[in-house]
Structure formats: C-alpha cells, structure tokens
Amino acid sequence: MKIFSTTVLIVLALVAPNVNSFPHGAPTSVCQSLLPKHHGTPPQPPQTAPYRIEVSSPTIGQGQTLAIRIVGQPAELPFEGFILQGRSFIEPTQIVGTFNEADKSKLMNCGDGNANSITHTDKHKKVNHYIEWNAPTDFVGEVFFNSTILAQFDKFWTGILSEKVNVVQGQVPIQSSPRPATAFTTTRTSFSPTPAILGQSQDTVYNGCGQNKVCFGLPDNCIDKMSCMIFSSVKVRGEIFEIEMKTTDPEAVYVALGFSTDARMGDDLVTECVKDRNQVSVFTSYTSGPPSYGTSRAGIPQNDATLLSGQVQNGELYCKIQRTPRTTANGRVFDLANEKYHLLVAAGKSLKENGAGYHDIGRNPSSQAINLAVVQEITSSSNLLIRLHGAFMIAAWIGTTSLGILLARYFKQTWVGSQLCGKDMWFAWHRMCMVTTWSLTIAAFVIIFVQLKGWSGEQNPHALLGTITTVICFLQPIGALFRPAPNAPSRPLFNWVHWFGGNAAHILSIVTIFYAVKLTKAQLPIWFDWILVAFVVYHVAMHLLFSGAACLSDKKTANRVSTFEMSDRTNSRKNNSSANKMNAAVSLFGNNLKENIQNLCVFSMHRSGKDFLVPTSSFC
Ligand SMILES: *[C@@H]1O[C@H](CO)[C@@H](O)[C@H](O)[C@H]1NC(C)=O
C-alpha cells in the first residue's frame, strides 16, 4: 500500500510538469501550433470550450489599442494557462499586432515579431483575464484572435477564436482604455453573426431593385421573380458602393461579384463573399483569363472592401459589403464611379488556396456595361421610359388597333349611316384609331432606343418581333395614303395588302407583348401573361360574335355581304339602302355593340337618334 502510493507520487511528480503544460508559459516552439506538448493528451472538442475571447470593438484603427478578455462560462470559471495571438484573417498563419504587458502574463516573440503573442506566467487561477493588444500600423484588414486555453492539468482547448476585428486606416472611437467596465457584457461568440443581422429577413435583398440599386442574378429574369440562385446588387451611397450578394445553394462556399470591362472572365475585379464553416468574410481578388482561368487574392488590396454584415442561414450565404469606388489591382485602376462595367456573378462549391474555386454552381455576365455611380437617376428615369414604351405599345396594340380592325372588318357594311368629315363613320373611326396606333408605336419605338442606346442585349425575340411590327405599322398609313381610287382595278389588291399588313402586325404585336413579360428590364409579373391571354380570348370572341351577327343579318336581309369582299365603302353614302344595311346588322346586337365599343375605346359615346352610335364631340 505504501509502496503503491509512493509510486503514484513519483509518477505524478515526473508526469505533472509535462501534463500541466508549461507552468511558466508556452515556449516559442508552440508559436504556430498553439498546442501544448502534452504527450498523448488531445485537446477537448472545440465546441465544448467553456471559455471565450471577447474584444472591445469590432473595428479598430491602425495603432489603436484593443481590450481583450478571456472569459469563462460561467464567468467565475477559472483557467490556468493560455496562449493568444492576433492573426490575419486572409492569411491565418500571419501573426499581427503586439500585446502590452499584462497581469500574470508574459509577452512572446513569435517568428520575426516582437511581443506578438501572449501567454501565462504561472499556473495560478485566472478569471476574466484582461489583455491589451495594439493593432499594427502597417496592416489593414480583418484579424481574429486564436488561442489555446488550459483549464487545468490536462484539460485544454485549442482554436478558441474571437470575433473578427477589422483594422482600418485612421482612428475609430473605441472603448479600449481606460479599461472598459461594461464593454464585455455581450455574449457574442466567435464569428457568428450579430443578433441584429440574424433578425434580418433574406427576401429584403430584392427591395429597391431597379429603384435605388442595380440588381443582377442567375438565372436570367430571376430578379423580378425574386428567385435568384445567385443574387447581387449594387447601391451607391455617396462615396460608398454597397454590394449585396446571396446564393441559395446550400453547397456554396462562395458567391462573388466581378466588375468586367468585357463581360468575359479575365482582368476583372472581384468581390468575394466566402463561407468557411459558419463564418462569413469578404475578399477582393482578380481574375485571370485564358488559358489558366482563375482568381487570385495575391497582391490585391483587401482594405477597399469591408464586410458590413454576413450570414449563413438556412443554407443561404449572404454578404453585405461596402467598397471604395476606386481600387488599383494588378496595376489596373477600377473606377466604379466613373467607368462602365459589366457585372459578373458567380458561385461555387470550393475555394482554392488564394481565391475562389471554379464557379460550378453558376455564373452570369450582364449584357451591358453600366455606370454604377449614376444608377439611381438612370434607373428611375429608365424605368419611366421602359414603362412608357410598354404603356404606349399596349394602348396601341391591345387598344386602338384591335378596335380599328374590328371597325374595318365588321362595320364597313353597316356603320355608314352618318358622316364624319365627309367620310363614313366606320372609316373615320378606323383612321383615327390607326393614326393613334401609328403615333404611339413610333413614339414607343423611339423611346426604347433612347433608353437602351442600342439593340437590347437580352436573348429574347421581343426586340426583333417588335421591330418587324413597327416597320409594318410604319408602312400601313403610307400605303393607305397612296391607295388607288375606289373604282381603280388595283383597289382590291390594295385592300388585301392593307388587310394582311394590319392583321400580321396585330398578331405579331401580341406575340411580341407576350415576350415582353420574359424581359428582365420590363419587370413584368408572370401573371401578366394571363391578362394577355384574356385579351386574346376576348378579341377572338368579339370576332366570332361579329361574324355571327354579320351572317345572321345577311340571311335576314338576303343582302349577301362577305366581309372578305372588301369592297370600298369609304365614299359617301347617304342613300337609304346603306342605312338599311346598317340597321340590319346593328339591330341584332345593337346594345352589345355599344357596350363592346365602350369597353374597347375610351371615347364617350351615347346613343343618338335611332340605332347607331355617334361620338359626343366630333373631330377631324
Ligand atoms: C487556431 O489555431 C489552431 C492551432 O494552431 C489551428 O489548428 C486553427 O486552425 C487556428 N484557427 C484558425 C481559424 O486559423
């Protein structure tokens, strides 16, 4: 028994100095590993660490002093040993900053540095241990503190990290000295987003798109559907460019936005939002083009972009970043305030040693180079012009054209009883509707070219179909102007060509409007399709209705009039026979006709005289 306990004592005496790490602090040999040389004693799982490293400020100016505390959980939980270092976030092997002399602590010189690490002097129990750290004067960017904390004996944790601290140029107001009494009341843990950021709803990224920020994403047209797999936006706030990025792919480890002069990868400035475990950080990198496509952060200034907030939530990676407008990377000046750039969004599932990996989730270049600095004005005015274009075209092709075609087709036999400016009523109305169509179409066509300053870059037949429609529309009245006399032999040919041109343009225009819904710039909701479908159904129904009415009235009056006969009716008709014809068709559907016309055309009309309609005010 005695021998046994003696043996235990001897063994303990031999082993204890080893097991209890370094009673007088860590030797410099642990500078990189931060690992006590405990033979066979592994560190505790990091998530079980009952200690944390708290810092007095998330931002610090160069040369300013930051207060750090090693705090137990619960607060009175003591520890015996520690080693702590400030490290560059981009280059975690780089030790940055210096520590001040502190109670029960001694400074260490790791690598070429002086006083860049700190450890304990003895194994007395420490509680709520206070340390001061001076930010480097030759470094800008994010740093964090990495530590090993030893509770007692052979129980220790490595890789206990502080929150990130952003070292910026100049001075920032921070609570660093004198010792903060209340600065350490938060329970923020390393790298997790602050509660304010967590509370923010993700869908708010789409708020303001096209109004006060430029939004761009993947797949095409995902912005108006609010369904981007990769989302990016740029908002200009004075001298600051605020970039937001998000990817919904749970496997993504980065989402990035590049500024490119040619919409192709190579020589682009890239802002990366990177996920590493549960932390989010921002990097600036530069792309190389063919043949060795890739991105690299080497030699690219990292201080021009700072993370305002970031999170990984429900598998979605999100960053809000602020950028200075000017950055010089690889000798190339990127001036976001004055130059135009294509936007390039990308996301991927891997990182390389010094940059983002292949964009295996997706990438999308914007078709146009834009000046981000003037987005606010341009976007609002651009919206106005795009909306005007849409409103004019819809008014023209769903409104006046449809009405004009119906008038020409079904009323030329019937609506001839009264005269307007020496012409049959149907013709006066047809001409007025079509002149309106023509004017609106030409105006809308010019407007969209003023807005886009060229051909639309979107892969959509809208632009081509619209141009064909506009050309036909442009030619229609010119042809009508030179139409042959009513009795000329070439008159039927004109009638057919005019009929064909009008209907072809009308059908093309409706197809074109359908394609407009798919345009990113139009920002039309997808249900707009159904309004168009409803219009087409209505239009077809009107044709059937009038055709039926014409058939019936033909039978009734035995006056065989084919709507395809296209005989000229534009000359004056004052005789009673035409009035009879008019009465025949209209009396069948008189009330319906009136309603339909009122629905189609906004002019106020009233029933005057007997069975036909005249406008309340005449026009020429
Ligand atoms: C912190 O230090 C430990 C020990 O050297 C290391 O394993 C770990 O990767 C470091 N953590 C970070 C985020 O660099």
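Colleague: Before we look at this predicted model, what is a nonpolar core?

Modeller: A nonpolar core is a set of buried Ala, Val, Leu, Ile, Met, Phe, Trp, Tyr and Cys residues joined through side-chain atoms within 4.5 Å.

Colleague: OK, and how many residues does the largest nonpolar core have here?

Modeller: The largest nonpolar core has 32 residues, and those with the most contacts inside it are L257, F259, C273 and I321. At least two residues of this core come from each of the strands β12 (214-218), β13 (230-237), β14 (240-247), β15 (254-260), β16 (269-276), β17 (279-288), β20 (316-323) and β23 (342-348).

Colleague: Which residues is L257 in contact with, leaving aside its neighbours within four places in sequence?

Modeller: With those neighbours set aside, L257 is in contact with S232, V234, I243, M245, L269, V270, T271, L343, L344 and V345.

Colleague: And what lies apart from that core?

Modeller: Another core of 27 residues lies apart from it, and A102, W133, F145 and I160 are among its members.

Colleague: Switching to charges, how many salt bridges are there in the whole structure?

Modeller: A search of the whole structure finds 11 salt bridges. One of them joins the side chains of K213 and E244, at 2.9 Å from N to O, and this pair links distant parts of the chain, since K213 sits in the loop between α2 (195-198) and β12 while E244 belongs to strand β14, 31 residues apart.

Colleague: Are K213 and E244 buried or exposed?

Modeller: K213 is buried, with a relative accessible area of 3%, and E244 also counts as buried, at 8% relative accessibility.

Colleague: What does K246 pair with?

Modeller: K246 forms a salt bridge with E316, the closest N and O atoms being 3.5 Å apart. K246 lies in strand β14 and E316 in strand β20, so the pair ties together parts that are 70 residues apart in sequence. Both K246 and E316 are buried.

Colleague: Now the ligand: which residues surround it?

Modeller: The ligand is surrounded by Q32, S33, L34, P92, F144, N146, G159 and L161, and the strands β9 (141-152) and β10 (155-161) each supply at least two residues of that shell.

Colleague: Where are the polar atoms relative to an oxygen atom of the ligand?

Modeller: A polar backbone atom of Q32 is 3.0 Å from an oxygen atom of the ligand, a backbone N or O atom of S33 lies 2.7 Å from an oxygen atom of the ligand, and a polar side-chain atom of N146 lies 2.2 Å from an oxygen atom of the ligand. The protein covers 66% of the 360 Å² of accessible area that the ligand has on its own.

How values were computed
Residues numbered from 1 in each chain as written. Predicted model: local features only at pLDDT ≥ 70, side-chain atom pairs only at ≥ 80, totals over all residues. Heavy atoms only, no water. Buried < 20%, exposed > 50% of the residue type's maximum accessible area, 1.4 Å probe, protein only. Helix = DSSP H or I, 4+ residues; strand = E, 2+ residues; numbered from the N terminus. Contact = heavy atoms within 4.5 Å. Salt bridge = Lys/Arg side-chain N within 4 Å of Asp/Glu carboxyl O. Near = heavy atom within 4 Å. Polar contact = N/O pair within 3.5 Å; in protein donor to acceptor, adjacent residues only side chain to side chain. Areas by Shrake-Rupley, 256 points an atom, 1.4 Å probe, with all protein chains shown as cover.
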